[in-house]
Amino acid sequence: MHLRVFCLIIHVEFHARQMKRAVIYILLLLPFAVFVSCGRDGRVRDVLRTADSLLETRPDSALQLLRSDSAVFAAAGRAVRMGSVLTRTEAEDKLYVTHRSDSAILPAVEYFSRRGPEVQSVRAWYLLGRVYYDMMLYGRALSAFDNALAVKTDSDSVVCRYKARAATWAGAVYEEKSLHSDALRYNKTAYGYALHSDVHTTQVYTLRDIGRSYSNLKKNDTAIPYYLRAAEKAKELGAMSLYNIVMDELAGIYIEEDKFDDARRALSTSFQSKSARNMAAHYFIWAMYFEGVGRLDSAIAYNKYGMSFADEYINRDVSLDMAKLYCKQEKYKEALRYYEKYSVYSDSINANRVLEYDDLLSHVEKMVNIERKNSALANEKMYLVILISVIIVVVITGLFIIIRYYFTVKKNLLEQQKRVKKYLRYRHKHEIQNINRNKKKIEQLKKELFLSNEKLTELRKSLMRNEAELLAIKNEQMVFEQKHRELLVVDLVETEVYKLYHNSTARPTSADYHKLIAALNKAYNNFTQRLKDFYPAISDNEIWICCMIKIVLTPKDICNISYYTFSSLSMAKSRLYKKMFNKNGSARDLDLFIRNF
């Protein structure tokens, strides 16, 4: 109503081109509309909460409340409307109203499965399964029940209630198809959730269903204790109608075991249920009892009472039992009539079975496809695990090799540095020591000659003079060698190859480079060979750089006769220095070392 008023006002105001007044009207009416809308939704939510609170004890009152306010719910927000669908569906389910369509429940399932909360999500999936169960679409029912069980929250008692019921009805589907082991598995799952449910009668149903599964598996000795526990729990909770139902089923098991006295005691309790299904079961079990004790008239009478409450599935089987009972009494005309009923029921059921099996096969095919996809994913996962493991092993091995190589190179460099330093120290120290020792010897000899002129013989004096002269000659020889080396360096400077490399316009060839190496080795005591001895890892290109440094070429000159730029030459020198000494150094540091080497 308020939206129509808004549209009318806006329409009139725009026609009158009075935008300002329209905006004022809208701003004034909007809070009022929001307030009215919120108030209406609030009242509807209160009604919905009341209906939900009545579901477990008075589902008929809950359904009546929802129907009386159906128009109000239709105008409410989407969340409230979807919640009312769930409540109405659950109320009808508790009142044994057979569900015929999923059109109402599907939007609610879609809404709550996406938006939550978890309680509404698991409730929606459970009720969808119940709808499909009544429609005999058992494959879809199982999918819905499994989705309810897949909702992750397990700590909430209400969630556990709906999960217990979903597992129970999934077990009922498997019982329907005589898959009793699968039914037992679901029933035990249901009992696990029932222990944490907020509705304690759920435990009674799940214990009863476990006993039923064991009975169907021909394990009545195991089934009976579960029925007794279920009956004891029902009595403890004061749920006498439920207690009667459990005792009726227990009586049926006693009859199968020919324990008719126990069966009679189980059936002796006052039956209080008003449900058509429970009434039918109660009469049929009495019929079983009377047939077991030989009272066929009573068995027939109770079967007739039960058939008035039962569905066509049960009536089909009971019709066959009735025909057999009449045959025992030799009433073949009556027996034939029930055989005909059996045939009619069978034709109707078989028509429904086609739909059931198609849906169930669809569910099985879906599950097979899921398993196939899971298997493919598992194989891919295994392949990825193997691939990642191989990569990790390769990477670790590679890192180990690189680290080991690094430490080996580092160790070799340190040993080379020690040998070079030791050699240089030894050479320098040896030369100085020899010169100093010779000088001391000369001084000592001179002193001895001076002090012992009268004491020594002429021969001794002659020997001492000769030794002094010899030492002087050695010193002169060492000085000569130093000067000779200097002359060799001077001669190097005067060689054609040296001048060629210092000519900025020249372009030396590889042959010229070999001549230069020969000249350098001659002038500097096998310069290149000593470099290789102390640094075996040095490359030919690095030897070339060292030769250019040794003949005092500037970086500009080196760049002119090579492919190096100033920056790349500087970097090459720095890398070579680090390679030789295992520490950072500049191009200048390398130049100083090579020129003094």
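Visitor: About how much accessible area does the nonpolar patch on the surface have together?

Guide: This is a predicted model, in which local features need pLDDT of at least 70, side-chain atom pairs count only at pLDDT 80 or more, and totals for chains, interfaces and linings use all residues. Residues are numbered from 1 along each chain as its sequence is written, and side-chain values use heavy atoms, with hydrogens and water left out. A patch takes residues with over 30% relative accessible area and no salt bridge, joining nonpolar side chains (Val, Leu, Ile, Met, Phe, Trp, Tyr) within 5 Å and like charges within 9 Å; areas come from the Shrake-Rupley method with a 1.4 Å probe, and for residues only the protein chains shown count as cover. Y383, L384, L387, I388, I391, I392, V395, I396, L399, I403, Y406 and F407 form the nonpolar patch, and together their accessible area is about 1200 Å².

Visitor: Is L387 buried, partly exposed or exposed?

Guide: L387 is in helix α18, where helices (H or I, at least four residues) are DSSP runs numbered from the N terminus. Buried means under 20% relative accessible area, exposed over 50%, and partly exposed in between (1.4 Å probe, protein chains only). At 36% relative accessibility, L387 counts as partly exposed.

Visitor: Which helix holds K421?

Guide: K421, K422, R425 and K583 form a positive surface patch; Lys and Arg count as positive, Asp and Glu as negative, and His and the chain ends are not counted. The place of a charge is taken as NZ of Lys, CZ of Arg, CG of Asp or CD of Glu. K421 is partly exposed at 45% relative accessible area, and its helix, residues 332-451, is α18.

Visitor: Why is α13 described as largely enclosed by the rest of the structure?

Guide: Helix α13 (residues 240-256) reaches 24 Å from first C-alpha to last, close to the 24 Å expected, the expected span being 1.5 Å times one less than the number of residues. Just after α13, D258 takes a positive phi of about 60 degrees. The helix is largely enclosed because its buried residues number 14 of the 17.

Visitor: What is the distance between the closest N and O atoms of R212 and E249?

Guide: Side chains of opposite charge can pair when their charged atoms come close. The criterion for a salt bridge is a side-chain nitrogen of Lys or Arg within 4 Å of a carboxyl oxygen of Asp or Glu. R212 and E249 form such a bridge, with their closest N and O atoms separated by 2.3 Å. This pair links distant parts of the chain, 37 residues apart, with R212 in helix α11 (residues 201-216) and E249 in helix α13.

Visitor: Are R130 and D134 buried or exposed?

Guide: Their side chains meet in a salt bridge of 3.5 Å, N to O. R130 and D134 lie four residues apart in helix α7 (residues 118-134), about one turn of the helix. Both R130 and D134 are buried.

Visitor: How many salt bridges does a search of the whole structure find?

Guide: R316 and D317 are joined by one at 3.4 Å, N to O; R316 is buried at 18% relative accessible area, whereas D317 is partly exposed at 40%. A network of salt bridges links D52, E56, E90, K94, R123, R161, R165 and D198. For the whole structure, the search finds 25.

Terms used
Helices (H or I, at least four residues) and strands (E, at least two) are DSSP runs, numbered from the N terminus.
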